[in-house]
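Visitor: I have a model to look over with you. Please show it first, and then I will ask.

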Amino acid sequence: MNVWTGERKIKYESELDPTFGKRIAELYGGENLHQCIQCGTCSSTCPLTIYMDFTPRRLVAMTREGFRDEVLQSKTIWLCASCYSCTVDCPKKIKITELMYAFKQMAIDEGVYPKRFATPVMAHEFFKIVRRWGRSNEGILITLMFLKTNPFKLLKQALLGWNLLRRGRMGLKIESIKRRNELKPILDAVEKA
Ligand code: SF4
Ligand code: SF4
């Protein structure tokens with residue numbers, strides 16, 4: 001994981017998306033987006049700031065200014081642990097955690113999430129597994145996550161996987177629910193929403 005080094009690429013105004021901030025402000029959580037005073041409370045209270053490529057304060061500023069691509073492709077939105085510290089402490093009552101959810105959803109919808117970054121890959125594969133069998137299968141999920149992010153890590157984790165299998169903490173049997181066909185329309189509706 002890279003710690004932000006301070007490097008930035010200059011961007012011209014014509015490359016920005018002037019509608020982005022307005023669209024985000026219309027979503028749940030973004031109502032007060034334009035009232036942000038850039039105080040930095042969110043960044044200082046966030047336990048994961050040091051690992052993020054953009055701090056929460058910066059992400060809010062970039063959203064307002066239309067840096068759509070940078071926001072949606074950032075690792076920050078996938079590192080957010082939904083602890084709600086920033087939301088609770090923001091003096092302008094900006095629901096930053098909800099914005100992170102919205103960004104994640106947009107990034108998946110538009111296929112611009114970091115393709116080899118574990119969190120979005122896991123979220124994506126989890127949804128696909130639940131859609132198919134009606135419940136999560138940890139063994140398959142972990143295997144797919146490593147194969148799609150870092151196959152070498154799969155080899156490193158082989159011993160741990162074997163020990164989990166031996167102790168019955170993880171199984172190879174695929175578990176599924178009855179009447180899976182009834183679940184599909186529900187998940188389709190959730191995805192559409
Ligand atoms: S805490 Fe709220 S007002 Fe302060 S920088 Fe963060 S989002 Fe803006
Ligand atoms: S909700 Fe996310 S962005 Fe906000 S403080 Fe927690 S980890 Fe940081």
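Visitor: Which helix gives the largest share of the shell around ligand 2?
Guide: This is a predicted model, in which local features need pLDDT of at least 70, side-chain atom pairs count only at pLDDT 80 or more, and totals for chains, interfaces and linings use all residues. Residues are numbered from 1 along each chain as its sequence is written, with chains lettered from A and ligands numbered from 1 in the order in which they are written. Helix 6 (85–89) and helix 7 each supply at least two residues of that shell; helices are DSSP runs of H or I, at least four residues, and strands are runs of E, at least two, numbered from the N terminus. The largest share, 3 residues, comes from helix 7.

Visitor: Which residues come nearest to ligand 2?
Guide: A residue is near a molecule if its C-beta atom, placed from the backbone, lies within 6 Å of it. There are 14 residues around ligand 2. The nearest are C46, C80, C83, S85 and C86.

Visitor: How many charged residues does the shell around ligand 2 have?
Guide: Ala, Val, Leu, Ile, Met, Phe, Trp, Tyr, Cys and Pro count as nonpolar, Asp, Glu, Lys and Arg as charged, and the others, Gly among them, as polar. The shell around ligand 2 has 10 nonpolar and 4 polar residues. Its charged residues number none.

Visitor: And ligand 1: which residues are closest?
Guide: The shell around ligand 1 divides into 9 nonpolar, 3 polar and 2 charged residues. In total, 14 residues surround ligand 1, and the closest are C36, C39, T41, C42 and C90. The elements that give two or more residues to this shell are helix 2 (41–45) and helix 3 (56–65).

Visitor: Which residues touch the most other members of the largest nonpolar core?
Guide: A nonpolar core is a set of buried Ala, Val, Leu, Ile, Met, Phe, Trp, Tyr and Cys residues joined through C-beta atoms within 7 Å. Buried means 20 or more other C-beta atoms within 10 Å of a residue's own; exposed means 12 or fewer, partly exposed in between, with C-beta atoms placed from the backbone. The core has 23 residues, and those touching the most other members are V71, I96, M100 and F103.

Visitor: Which helix supplies the largest share of this core?
Guide: Helix 1 (20–25), helix 3, helix 4 (68–72), helix 5 (76–79) and helix 7 (96–109) each supply at least two residues. The largest share, 4 residues, comes from helix 7.

Visitor: Leaving aside neighbours within four places in sequence, what is M100 in contact with?
Guide: Contact means C-beta atoms, placed from the backbone, within 7 Å. With those sequence neighbours set aside, the partners of M100 are I77 and C80.

Visitor: Is N163 buried or exposed?
Guide: N163 lies in helix 11 (residues 158–166). N163 has 11 C-beta neighbours inside 10 Å, so N163 counts as exposed.

Visitor: How many residues of helix 12 are buried?
Guide: Helix 12 (residues 180–192) has 13 residues. The helix is hardly covered. Its count of buried residues is 0.

Visitor: What distance separates the centres of domain 1 and domain 2?
Guide: The protein is divided into domain 1 (15–109) and domain 2 (118–192), with bounds from an automatic or database domain assignment. Taken over C-alpha atoms, the centres are separated by 29 Å.

Key:
Contact = placed C-beta atoms within 7 Å. Expected span 1.5 Å × (residues − 1).
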